[in-house]
Amino acid sequence: LRKLLGNGELFKLTWNSGLSIKEHDVFAKERMKLADYIKKLPMGFFNKESAGDLNNTLTESIRSLEALSAMLGKSVATISLALMFLVTGLTVDWRMTIAMFIGMPLAYYILIKDLQATERELLERQDVQGQVSETTIEFVRGINEIKAFGKSSTSLKSYQQAIDNFKSINLMLVNKLIRRTTGFQLSVNIGFIPVMILGAYLLMAREDLSVAIYLMFLMATLRIYLPLQELTGDIDIVKHASAGLTKVNRIYDNRSLTESAVDNKIKKCNIEFKNVSFAYEKEQVLKKISFYVPENTITALMGPSGSGKTTITNLLARFWDIEEGEITIGGINIKDIKTAELLSHISMVFQDVYLFNDSILNNIKMGKQDATDEEVIIAAKKANCHEFIMDFPDKYETIVGEGGGKLSGGEKQRISIARAFLKNSPIILLDEATANIDPENEFVIQSSITNLVKDKTVIVIAHKLSTIRTADQIIVLKNGEIAQLGTHDKLSKTKGGIYNNYKMRRQRAKGWKIDN
(Lines give C-alpha, C1' and ligand atoms only; values in the text may rest on other atoms or scores of the structure.)
Protein backbone atom coordinates (compact mmCIF):
# COMPACT_ATOMS: atom_id res chain seq x y z
CA LEU A 1 0.00 0.00 0.00
CA ARG A 2 2.91 2.36 0.70
CA LYS A 3 4.12 1.89 -2.86
CA LEU A 4 0.67 2.43 -4.33
CA LEU A 5 -0.42 5.32 -2.15
CA GLY A 6 2.91 7.03 -2.78
CA ASN A 7 1.67 7.84 -6.29
CA GLY A 8 -0.52 10.78 -5.31
CA GLU A 9 -1.86 11.30 -8.82
CA LEU A 10 -3.55 7.89 -8.74
CA PHE A 11 -5.34 8.41 -5.44
CA LYS A 12 -6.98 11.77 -4.86
CA LEU A 13 -9.01 11.56 -1.66
CA THR A 14 -11.87 13.94 -0.94
CA TRP A 15 -14.03 14.21 2.14
CA ASN A 16 -17.76 14.24 1.48
CA SER A 17 -19.93 12.72 4.20
CA GLY A 18 -16.97 10.50 5.09
CA LEU A 19 -14.03 9.20 3.04
CA SER A 20 -14.74 8.76 -0.67
CA ILE A 21 -12.59 8.28 -3.77
CA LYS A 22 -13.42 9.82 -7.13
CA GLU A 23 -11.97 6.76 -8.83
CA HIS A 24 -13.78 7.05 -12.16
CA ASP A 25 -12.61 10.62 -12.76
CA VAL A 26 -9.10 9.98 -11.46
CA PHE A 27 -8.48 6.83 -13.49
CA ALA A 28 -10.02 8.24 -16.66
CA LYS A 29 -7.51 11.08 -16.40
CA GLU A 30 -4.72 8.58 -15.64
CA ARG A 31 -5.54 6.61 -18.80
CA MET A 32 -5.47 9.80 -20.88
CA LYS A 33 -2.23 10.90 -19.22
CA LEU A 34 -0.62 7.55 -20.05
CA ALA A 35 -1.93 7.65 -23.64
CA ASP A 36 -0.59 11.19 -24.04
CA TYR A 37 2.82 10.07 -22.76
CA ILE A 38 2.85 7.12 -25.18
CA LYS A 39 2.12 9.59 -27.99
CA LYS A 40 5.34 11.46 -27.13
CA LEU A 41 7.58 8.38 -27.20
CA PRO A 42 9.91 7.74 -30.16
CA MET A 43 8.73 5.19 -32.71
CA GLY A 44 11.45 2.80 -31.55
CA PHE A 45 9.34 2.16 -28.43
CA PHE A 46 6.57 0.69 -30.59
CA ASN A 47 9.03 -1.61 -32.33
CA LYS A 48 9.84 -3.16 -28.94
CA GLU A 49 6.33 -3.24 -27.48
CA SER A 50 3.50 -5.32 -28.92
CA ALA A 51 0.06 -3.82 -29.50
CA GLY A 52 -1.45 -6.52 -27.28
CA ASP A 53 0.84 -5.72 -24.34
CA LEU A 54 0.18 -1.97 -24.62
CA ASN A 55 -3.55 -2.63 -24.81
CA ASN A 56 -3.28 -4.79 -21.69
CA THR A 57 -1.39 -2.06 -19.80
CA LEU A 58 -3.85 0.68 -20.78
CA THR A 59 -6.86 -1.45 -19.81
CA GLU A 60 -6.13 -4.30 -17.38
CA SER A 61 -3.22 -2.73 -15.49
CA ILE A 62 -5.07 0.50 -14.76
CA ARG A 63 -8.29 -1.46 -14.06
CA SER A 64 -6.39 -3.31 -11.32
CA LEU A 65 -5.60 0.07 -9.75
CA GLU A 66 -9.29 1.02 -9.96
CA ALA A 67 -10.18 -2.18 -8.09
CA LEU A 68 -7.79 -1.14 -5.31
CA SER A 69 -9.64 2.13 -4.78
CA ALA A 70 -12.85 0.21 -4.03
CA MET A 71 -11.30 -1.54 -1.02
CA LEU A 72 -9.20 1.38 0.17
CA GLY A 73 -12.04 2.92 2.21
CA LYS A 74 -12.66 -0.40 4.00
CA SER A 75 -8.94 -0.71 4.77
CA VAL A 76 -8.75 2.81 6.19
CA ALA A 77 -11.84 2.15 8.32
CA THR A 78 -10.32 -1.08 9.69
CA ILE A 79 -7.01 0.61 10.54
CA SER A 80 -8.81 3.56 12.17
CA LEU A 81 -10.88 1.20 14.28
CA ALA A 82 -7.76 -0.70 15.40
CA LEU A 83 -6.06 2.57 16.42
CA MET A 84 -9.14 3.62 18.36
CA PHE A 85 -9.19 0.30 20.26
CA LEU A 86 -5.44 0.59 20.92
CA VAL A 87 -5.75 4.04 22.52
CA THR A 88 -8.89 3.13 24.47
CA GLY A 89 -7.53 -0.27 25.56
CA LEU A 90 -4.32 1.24 26.96
CA THR A 91 -6.38 3.47 29.25
CA VAL A 92 -8.36 0.45 30.53
CA ASP A 93 -5.74 -2.34 30.85
CA TRP A 94 -2.34 -2.18 29.18
CA ARG A 95 -1.72 -5.91 29.66
CA MET A 96 -4.84 -7.00 27.79
CA THR A 97 -4.21 -4.38 25.10
CA ILE A 98 -0.73 -5.78 24.40
CA ALA A 99 -2.23 -9.30 24.24
CA MET A 100 -4.90 -8.03 21.86
CA PHE A 101 -2.36 -6.65 19.40
CA ILE A 102 0.45 -9.20 19.87
CA GLY A 103 -0.58 -11.12 16.74
CA MET A 104 -0.44 -8.03 14.51
CA PRO A 105 3.33 -8.07 13.79
CA LEU A 106 3.17 -11.70 12.66
CA ALA A 107 0.16 -11.05 10.41
CA TYR A 108 1.83 -7.94 8.99
CA TYR A 109 5.09 -9.85 8.37
CA ILE A 110 3.27 -12.66 6.51
CA LEU A 111 1.30 -10.11 4.48
CA ILE A 112 4.40 -8.17 3.36
CA LYS A 113 6.29 -11.36 2.46
CA ASP A 114 3.26 -12.56 0.53
CA LEU A 115 3.03 -9.34 -1.48
CA GLN A 116 6.75 -9.33 -2.26
CA ALA A 117 6.73 -12.99 -3.35
CA THR A 118 3.70 -12.62 -5.62
CA GLU A 119 4.46 -9.41 -7.52
CA ARG A 120 6.98 -11.02 -9.88
CA GLU A 121 4.53 -13.81 -10.69
CA LEU A 122 1.70 -11.35 -11.32
CA LEU A 123 3.92 -9.32 -13.63
CA GLU A 124 4.61 -12.51 -15.56
CA ARG A 125 0.85 -13.15 -15.66
CA GLN A 126 0.20 -9.68 -17.11
CA ASP A 127 2.93 -10.27 -19.73
CA VAL A 128 1.25 -13.55 -20.73
CA GLN A 129 -2.11 -11.77 -20.84
CA GLY A 130 -0.51 -9.27 -23.24
CA GLN A 131 0.57 -12.19 -25.44
CA VAL A 132 -3.03 -13.45 -25.48
CA SER A 133 -4.20 -9.99 -26.60
CA GLU A 134 -1.47 -9.87 -29.25
CA THR A 135 -2.31 -13.28 -30.75
CA THR A 136 -6.01 -12.38 -30.73
CA ILE A 137 -5.38 -9.11 -32.58
CA GLU A 138 -3.05 -10.87 -35.03
CA PHE A 139 -5.60 -13.64 -35.69
CA VAL A 140 -8.46 -11.21 -36.36
CA ARG A 141 -6.43 -8.78 -38.50
CA GLY A 142 -4.81 -11.54 -40.53
CA ILE A 143 -7.92 -13.61 -41.14
CA ASN A 144 -7.84 -12.94 -44.91
CA GLU A 145 -4.28 -14.23 -45.26
CA ILE A 146 -4.98 -17.13 -42.90
CA LYS A 147 -7.88 -18.30 -45.05
CA ALA A 148 -6.12 -17.59 -48.35
CA PHE A 149 -3.12 -19.75 -47.43
CA GLY A 150 -5.08 -22.42 -45.57
CA LYS A 151 -3.35 -21.70 -42.26
CA SER A 152 -6.43 -21.70 -40.01
CA SER A 153 -5.27 -24.65 -37.93
CA THR A 154 -1.71 -23.27 -37.54
CA SER A 155 -3.00 -19.87 -36.43
CA LEU A 156 -5.38 -21.47 -33.96
CA LYS A 157 -2.45 -23.44 -32.52
CA SER A 158 -0.64 -20.17 -31.72
CA TYR A 159 -3.80 -18.78 -30.14
CA GLN A 160 -4.39 -22.04 -28.22
CA GLN A 161 -0.79 -21.99 -26.94
CA ALA A 162 -1.23 -18.44 -25.62
CA ILE A 163 -4.50 -19.45 -23.90
CA ASP A 164 -2.85 -22.57 -22.38
CA ASN A 165 0.05 -20.47 -21.05
CA PHE A 166 -2.42 -18.03 -19.52
CA LYS A 167 -4.39 -20.88 -17.92
CA SER A 168 -1.23 -22.47 -16.50
CA ILE A 169 0.03 -19.31 -14.85
CA ASN A 170 -3.43 -18.55 -13.43
CA LEU A 171 -3.66 -22.04 -11.90
CA MET A 172 -0.18 -21.68 -10.45
CA LEU A 173 -1.11 -18.33 -8.89
CA VAL A 174 -4.35 -19.69 -7.44
CA ASN A 175 -2.51 -22.59 -5.77
CA LYS A 176 0.06 -20.25 -4.25
CA LEU A 177 -2.63 -17.78 -3.23
CA ILE A 178 -4.54 -20.47 -1.31
CA ARG A 179 -1.42 -21.45 0.66
CA ARG A 180 -0.43 -17.87 1.43
CA THR A 181 -3.96 -16.77 2.30
CA THR A 182 -4.32 -19.70 4.67
CA GLY A 183 -1.10 -18.66 6.40
CA PHE A 184 -2.31 -15.10 6.81
CA GLN A 185 -5.71 -16.19 8.18
CA LEU A 186 -4.01 -18.57 10.61
CA SER A 187 -1.80 -15.77 11.93
CA VAL A 188 -4.89 -13.59 12.40
CA ASN A 189 -6.73 -16.36 14.31
CA ILE A 190 -3.70 -17.00 16.52
CA GLY A 191 -3.86 -13.34 17.55
CA PHE A 192 -7.15 -14.07 19.38
CA ILE A 193 -5.59 -16.77 21.62
CA PRO A 194 -3.35 -14.52 23.82
CA VAL A 195 -6.35 -12.43 24.84
CA MET A 196 -8.28 -15.53 25.94
CA ILE A 197 -5.34 -17.07 27.83
CA LEU A 198 -4.17 -13.85 29.54
CA GLY A 199 -7.71 -12.84 30.48
CA ALA A 200 -8.48 -16.27 31.93
CA TYR A 201 -5.22 -16.22 33.91
CA LEU A 202 -5.88 -12.73 35.33
CA LEU A 203 -9.42 -13.71 36.36
CA MET A 204 -8.27 -16.91 38.08
CA ALA A 205 -5.37 -15.09 39.77
CA ARG A 206 -7.89 -12.52 40.98
CA GLU A 207 -5.87 -9.71 39.41
CA ASP A 208 -7.45 -6.32 38.82
CA LEU A 209 -9.61 -7.52 35.92
CA SER A 210 -13.37 -7.85 35.99
CA VAL A 211 -15.44 -10.24 33.92
CA ALA A 212 -17.01 -7.25 32.14
CA ILE A 213 -13.60 -5.87 31.11
CA TYR A 214 -12.51 -9.35 30.00
CA LEU A 215 -15.59 -9.74 27.81
CA MET A 216 -15.08 -6.23 26.45
CA PHE A 217 -11.54 -7.12 25.30
CA LEU A 218 -12.78 -10.37 23.74
CA MET A 219 -15.42 -8.46 21.77
CA ALA A 220 -12.91 -5.76 20.79
CA THR A 221 -10.47 -8.41 19.58
CA LEU A 222 -13.18 -9.98 17.46
CA ARG A 223 -14.11 -6.53 16.13
CA ILE A 224 -10.50 -5.96 15.03
CA TYR A 225 -9.55 -9.39 13.70
CA LEU A 226 -12.75 -10.27 11.83
CA PRO A 227 -12.38 -7.29 9.42
CA LEU A 228 -8.75 -8.34 8.98
CA GLN A 229 -9.92 -11.77 7.92
CA GLU A 230 -12.37 -10.17 5.49
CA LEU A 231 -9.50 -8.17 4.05
CA THR A 232 -7.74 -11.44 3.21
CA GLY A 233 -9.66 -11.58 -0.05
CA ASP A 234 -8.53 -8.04 -0.83
CA ILE A 235 -4.85 -9.01 -0.62
CA ASP A 236 -5.16 -10.32 -4.17
CA ILE A 237 -6.46 -6.91 -5.28
CA VAL A 238 -3.43 -5.21 -3.73
CA LYS A 239 -1.09 -7.67 -5.46
CA HIS A 240 -2.67 -7.11 -8.87
CA ALA A 241 -2.65 -3.35 -8.33
CA SER A 242 1.04 -3.40 -7.39
CA ALA A 243 1.89 -5.41 -10.52
CA GLY A 244 -0.32 -3.10 -12.59
CA LEU A 245 1.48 -0.03 -11.30
CA THR A 246 4.82 -1.62 -12.17
CA LYS A 247 3.59 -2.20 -15.75
CA VAL A 248 2.44 1.41 -16.02
CA ASN A 249 5.74 2.69 -14.63
CA ARG A 250 7.63 0.58 -17.19
CA ILE A 251 6.12 2.84 -19.86
CA TYR A 252 6.96 6.01 -17.93
CA ASP A 253 10.54 4.72 -17.60
CA ASN A 254 10.95 5.17 -21.37
CA ARG A 255 12.38 8.56 -22.21
CA SER A 256 10.03 10.67 -24.31
CA LEU A 257 11.17 13.02 -27.04
CA THR A 258 12.27 16.26 -25.40
CA GLU A 259 10.00 19.24 -25.99
CA SER A 260 11.65 22.53 -26.90
CA ALA A 261 11.53 25.15 -24.15
CA VAL A 262 11.67 27.90 -26.78
CA ASP A 263 8.60 28.64 -28.89
CA ASN A 264 10.37 28.99 -32.26
CA LYS A 265 8.10 29.60 -35.24
CA ILE A 266 8.81 28.19 -38.71
CA LYS A 267 8.87 31.05 -41.20
CA LYS A 268 10.64 29.39 -44.12
CA CYS A 269 10.41 25.78 -45.27
CA ASN A 270 13.84 25.06 -46.67
CA ILE A 271 15.17 21.79 -45.23
CA GLU A 272 18.74 20.75 -44.49
CA PHE A 273 20.32 17.53 -43.22
CA LYS A 274 23.83 18.13 -41.83
CA ASN A 275 26.04 15.07 -41.25
CA VAL A 276 23.09 13.04 -39.98
CA SER A 277 23.72 9.52 -38.67
CA PHE A 278 21.04 7.24 -37.29
CA ALA A 279 20.64 3.64 -36.13
CA TYR A 280 17.66 1.50 -35.15
CA GLU A 281 18.95 -0.14 -31.98
CA LYS A 282 22.37 -1.37 -33.23
CA GLU A 283 21.56 -1.38 -36.96
CA GLN A 284 23.18 1.64 -38.64
CA VAL A 285 20.81 3.06 -41.27
CA LEU A 286 22.15 6.54 -42.13
CA LYS A 287 25.84 7.47 -42.19
CA LYS A 288 26.74 11.16 -42.09
CA ILE A 289 24.38 12.24 -44.88
CA SER A 290 24.07 15.90 -45.86
CA PHE A 291 21.73 17.54 -48.37
CA TYR A 292 19.72 20.75 -48.82
CA VAL A 293 16.11 21.08 -50.02
CA PRO A 294 15.23 24.63 -51.17
CA GLU A 295 11.79 25.96 -50.32
CA ASN A 296 8.99 25.17 -52.82
CA THR A 297 10.99 22.47 -54.65
CA ILE A 298 10.59 18.72 -55.11
CA THR A 299 13.32 16.34 -53.93
CA ALA A 300 13.06 12.68 -54.91
CA LEU A 301 14.65 9.95 -52.77
CA MET A 302 15.47 6.70 -54.55
CA GLY A 303 17.51 3.63 -53.84
CA PRO A 304 17.20 -0.06 -52.95
CA SER A 305 15.13 -1.31 -50.01
CA GLY A 306 16.82 -0.57 -46.68
CA SER A 307 18.92 2.29 -48.04
CA GLY A 308 17.33 4.83 -45.63
CA LYS A 309 14.63 6.58 -47.70
CA THR A 310 11.76 6.18 -45.25
CA THR A 311 14.09 6.86 -42.33
CA ILE A 312 14.84 10.32 -43.73
CA THR A 313 11.15 11.26 -43.83
CA ASN A 314 10.56 9.83 -40.34
CA LEU A 315 13.48 11.77 -38.89
CA LEU A 316 12.26 15.00 -40.50
CA ALA A 317 8.87 14.50 -38.80
CA ARG A 318 10.83 13.74 -35.62
CA PHE A 319 9.40 10.30 -35.05
CA TRP A 320 12.89 9.52 -33.75
CA ASP A 321 15.74 11.73 -32.54
CA ILE A 322 19.09 11.53 -34.28
CA GLU A 323 22.27 10.63 -32.40
CA GLU A 324 24.60 12.63 -34.61
CA GLY A 325 24.23 15.65 -36.89
CA GLU A 326 21.45 18.21 -37.27
CA ILE A 327 18.18 18.58 -39.18
CA THR A 328 16.87 22.09 -39.76
CA ILE A 329 13.75 23.68 -41.21
CA GLY A 330 14.08 27.35 -42.08
CA GLY A 331 17.49 27.30 -40.40
CA ILE A 332 16.06 26.12 -37.05
CA ASN A 333 17.05 22.77 -35.54
CA ILE A 334 13.86 20.68 -35.36
CA LYS A 335 14.74 19.80 -31.73
CA ASP A 336 14.29 23.52 -30.98
CA ILE A 337 10.77 23.56 -32.46
CA LYS A 338 7.75 22.48 -30.41
CA THR A 339 6.19 19.26 -31.70
CA ALA A 340 2.82 20.87 -32.47
CA GLU A 341 4.50 23.65 -34.45
CA LEU A 342 6.69 21.20 -36.37
CA LEU A 343 3.92 18.80 -37.34
CA SER A 344 1.54 21.61 -38.25
CA HIS A 345 3.93 22.37 -41.13
CA ILE A 346 4.20 18.77 -42.37
CA SER A 347 1.68 16.55 -44.18
CA MET A 348 2.43 12.91 -44.94
CA VAL A 349 0.92 10.67 -47.61
CA PHE A 350 2.29 7.14 -47.65
CA GLN A 351 1.47 3.83 -49.33
CA ASP A 352 0.19 2.20 -46.14
CA VAL A 353 -2.83 4.28 -45.20
CA TYR A 354 -4.46 3.79 -41.81
CA LEU A 355 -8.02 4.99 -41.29
CA PHE A 356 -9.76 4.93 -37.93
CA ASN A 357 -12.99 3.03 -37.35
CA ASP A 358 -14.99 6.22 -37.67
CA SER A 359 -16.85 8.19 -40.31
CA ILE A 360 -15.21 9.36 -43.52
CA LEU A 361 -15.88 12.93 -42.35
CA ASN A 362 -13.93 12.48 -39.11
CA ASN A 363 -11.12 10.61 -40.86
CA ILE A 364 -10.60 13.53 -43.25
CA LYS A 365 -10.84 15.95 -40.31
CA MET A 366 -7.69 14.36 -38.91
CA GLY A 367 -6.00 16.93 -41.13
CA LYS A 368 -7.76 19.81 -39.36
CA GLN A 369 -9.92 19.07 -36.33
CA ASP A 370 -11.85 22.35 -36.38
CA ALA A 371 -12.62 22.24 -40.12
CA THR A 372 -16.17 22.90 -41.25
CA ASP A 373 -18.10 20.30 -43.27
CA GLU A 374 -17.80 22.61 -46.27
CA GLU A 375 -14.00 22.68 -45.96
CA VAL A 376 -13.95 18.86 -45.78
CA ILE A 377 -16.02 18.59 -48.96
CA ILE A 378 -13.74 21.03 -50.80
CA ALA A 379 -10.68 18.96 -49.76
CA ALA A 380 -12.43 15.74 -50.83
CA LYS A 381 -13.20 17.20 -54.25
CA LYS A 382 -9.56 18.24 -54.70
CA ALA A 383 -8.53 14.68 -53.80
CA ASN A 384 -11.05 13.25 -56.29
CA CYS A 385 -12.93 11.28 -53.64
CA HIS A 386 -16.16 13.29 -53.30
CA GLU A 387 -17.97 11.30 -55.99
CA PHE A 388 -17.39 7.83 -54.55
CA ILE A 389 -18.19 9.13 -51.04
CA MET A 390 -21.56 10.41 -52.26
CA ASP A 391 -22.32 6.95 -53.69
CA PHE A 392 -22.40 5.48 -50.17
CA PRO A 393 -25.83 5.45 -48.48
CA ASP A 394 -24.50 7.39 -45.49
CA LYS A 395 -22.19 9.56 -47.61
CA TYR A 396 -19.66 11.39 -45.38
CA GLU A 397 -21.05 9.66 -42.27
CA THR A 398 -20.09 6.23 -43.65
CA ILE A 399 -18.11 4.22 -41.07
CA VAL A 400 -14.96 2.91 -42.78
CA GLY A 401 -14.20 0.01 -40.40
CA GLU A 402 -10.99 -0.72 -38.53
CA GLY A 403 -8.02 0.42 -40.59
CA GLY A 404 -10.45 1.47 -43.36
CA GLY A 405 -11.23 -2.18 -44.09
CA LYS A 406 -14.56 -1.37 -45.77
CA LEU A 407 -12.84 0.71 -48.46
CA SER A 408 -10.62 -0.27 -51.37
CA GLY A 409 -6.92 0.62 -51.42
CA GLY A 410 -7.49 3.43 -53.92
CA GLU A 411 -10.37 4.88 -51.89
CA LYS A 412 -8.29 4.88 -48.70
CA GLN A 413 -5.41 6.53 -50.53
CA ARG A 414 -7.63 9.31 -51.85
CA ILE A 415 -9.05 9.98 -48.38
CA SER A 416 -5.50 10.29 -47.03
CA ILE A 417 -4.77 12.84 -49.76
CA ALA A 418 -7.96 14.71 -48.79
CA ARG A 419 -6.53 14.90 -45.26
CA ALA A 420 -3.39 16.49 -46.64
CA PHE A 421 -5.39 18.98 -48.73
CA LEU A 422 -7.40 19.96 -45.65
CA LYS A 423 -4.27 20.39 -43.52
CA ASN A 424 -2.63 22.47 -46.27
CA SER A 425 0.87 22.20 -44.79
CA PRO A 426 3.81 23.85 -46.61
CA ILE A 427 5.93 20.65 -46.40
CA ILE A 428 4.72 17.42 -48.02
CA LEU A 429 6.30 14.00 -47.44
CA LEU A 430 5.27 11.36 -49.98
CA ASP A 431 5.99 7.67 -50.21
CA GLU A 432 4.93 7.14 -53.81
CA ALA A 433 1.25 6.68 -53.16
CA THR A 434 0.44 5.05 -56.50
CA ALA A 435 2.94 2.19 -56.25
CA ASN A 436 0.35 -0.48 -55.33
CA ILE A 437 -2.72 1.00 -57.01
CA ASP A 438 -4.56 -0.18 -60.12
CA PRO A 439 -4.11 1.93 -63.33
CA GLU A 440 -7.52 3.63 -63.05
CA ASN A 441 -6.94 4.80 -59.49
CA GLU A 442 -3.30 5.60 -60.27
CA PHE A 443 -4.28 8.24 -62.83
CA VAL A 444 -6.81 9.86 -60.46
CA ILE A 445 -4.45 9.81 -57.46
CA GLN A 446 -1.50 11.12 -59.47
CA SER A 447 -3.66 14.02 -60.65
CA SER A 448 -4.61 14.78 -57.03
CA ILE A 449 -0.99 14.65 -55.85
CA THR A 450 0.10 16.98 -58.66
CA ASN A 451 -2.36 19.57 -57.34
CA LEU A 452 -1.41 18.87 -53.72
CA VAL A 453 2.32 19.61 -54.13
CA LYS A 454 1.95 22.90 -55.99
CA ASP A 455 4.00 25.62 -54.29
CA LYS A 456 5.07 23.20 -51.53
CA THR A 457 8.40 21.90 -50.27
CA VAL A 458 8.20 18.23 -51.18
CA ILE A 459 10.28 15.15 -50.36
CA VAL A 460 9.03 12.12 -52.25
CA ILE A 461 10.18 8.52 -51.94
CA ALA A 462 10.09 7.66 -55.62
CA HIS A 463 9.88 4.32 -57.39
CA LYS A 464 8.65 5.35 -60.84
CA LEU A 465 10.74 7.12 -63.44
CA SER A 466 7.84 9.43 -64.33
CA THR A 467 7.89 10.81 -60.77
CA ILE A 468 11.65 10.99 -60.42
CA ARG A 469 12.44 12.83 -63.65
CA THR A 470 10.19 15.81 -62.77
CA ALA A 471 11.95 16.43 -59.42
CA ASP A 472 14.14 19.49 -58.93
CA GLN A 473 16.81 17.24 -57.44
CA ILE A 474 17.28 13.50 -57.03
CA ILE A 475 19.08 11.89 -54.11
CA VAL A 476 20.24 8.32 -54.77
CA LEU A 477 20.84 6.36 -51.55
CA LYS A 478 22.83 3.19 -51.06
CA ASN A 479 23.65 1.51 -47.74
CA GLY A 480 22.67 4.62 -45.78
CA GLU A 481 24.89 6.98 -47.78
CA ILE A 482 24.27 9.40 -50.64
CA ALA A 483 25.64 7.70 -53.73
CA GLN A 484 24.50 10.35 -56.23
CA LEU A 485 22.80 13.75 -56.11
CA GLY A 486 21.61 15.91 -58.99
CA THR A 487 18.89 16.49 -61.59
CA HIS A 488 17.53 13.87 -63.97
CA ASP A 489 19.52 15.31 -66.89
CA LYS A 490 22.77 15.46 -64.91
CA LEU A 491 22.51 11.94 -63.47
CA SER A 492 21.45 10.50 -66.84
CA LYS A 493 24.79 11.58 -68.29
CA THR A 494 26.81 9.72 -65.64
CA LYS A 495 27.71 6.47 -67.34
CA GLY A 496 27.66 3.44 -65.10
CA GLY A 497 26.00 5.39 -62.31
CA ILE A 498 23.23 3.87 -60.18
CA TYR A 499 20.63 6.29 -61.51
CA ASN A 500 21.53 5.84 -65.17
CA ASN A 501 21.47 2.03 -64.84
CA TYR A 502 18.08 2.24 -63.11
CA LYS A 503 16.71 4.51 -65.85
CA MET A 504 17.86 2.15 -68.58
CA ARG A 505 16.29 -0.88 -66.85
CA ARG A 506 13.00 0.96 -66.45
CA GLN A 507 12.99 2.00 -70.09
CA ARG A 508 13.65 -1.58 -71.25
CA ALA A 509 10.86 -2.83 -68.98
CA LYS A 510 8.33 -0.63 -70.81
CA GLY A 511 8.41 -3.01 -73.75
CA TRP A 512 7.73 -6.13 -71.71
CA LYS A 513 4.57 -8.09 -72.40
CA ILE A 514 3.13 -11.48 -71.52
CA ASP A 515 3.49 -13.81 -74.50
CA ASN A 516 0.64 -16.11 -75.40
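Predicted model: local features only at pLDDT ≥ 70, side-chain atom pairs only at ≥ 80, totals over all residues.
View 1. Together with Trp320, Phe278 and Tyr280 form one aromatic cluster.

**View 2. The rings of Phe388 and Phe392.** Here the ring centres of Phe388 and Phe392 are 6.2 Å apart and the planes stand at 90 degrees, so this pair is edge-to-face. Are these two residues, Phe388 and Phe392, buried or exposed? Both Phe388 and Phe392 are buried.

View 3. Take a look at the four strands, which follow the order S4-S3-S6-S7 and pair in antiparallel fashion. At the edges are S4 (283–293) and S7 (332–333), each pairing on one side only. Inside the sheet, S3 (residues 271–280) and S6 (residues 324–329) run antiparallel and are joined by five bridges. Lys274 has Glu326 of S6 as its bridge partner. Helix H12 (residues 309–316) lies across S3, S4 and S6, at about 110 degrees to S3.

**View 4. Helix H5 against helix H9.** H5 (residues 94–101) packs with H9 (residues 193–204) at an angle of about 155 degrees, their axes 8 Å apart. The two helices, H5 and H9, are therefore roughly antiparallel. On H5, the contact is made by Arg95, Met96, Ala99 and Met100, and on H9 by Pro194, Val195, Leu198, Gly199 and Leu202. Sorted by type, the residues of this H5 and H9 contact are seven nonpolar, one polar and one charged.

Key:
Residues numbered from 1 in each chain as written. Heavy atoms only, no water. Axes fitted to C-alpha atoms, helices over the stretch in contact; angles between N-to-C directions. Parallel < 35°, antiparallel > 145°, perpendicular 65-115°, else oblique. Contact = heavy atoms within 4.5 Å. Nonpolar A, V, L, I, M, F, W, Y, C, P; charged D, E, K, R; others polar. Pairing = 2+ DSSP bridges. Phe/Tyr/Trp six-rings, centres within 6.5 Å; stacked < 30°, edge-to-face > 60°. Buried < 20%, exposed > 50% of the residue type's maximum accessible area, 1.4 Å probe, protein only.
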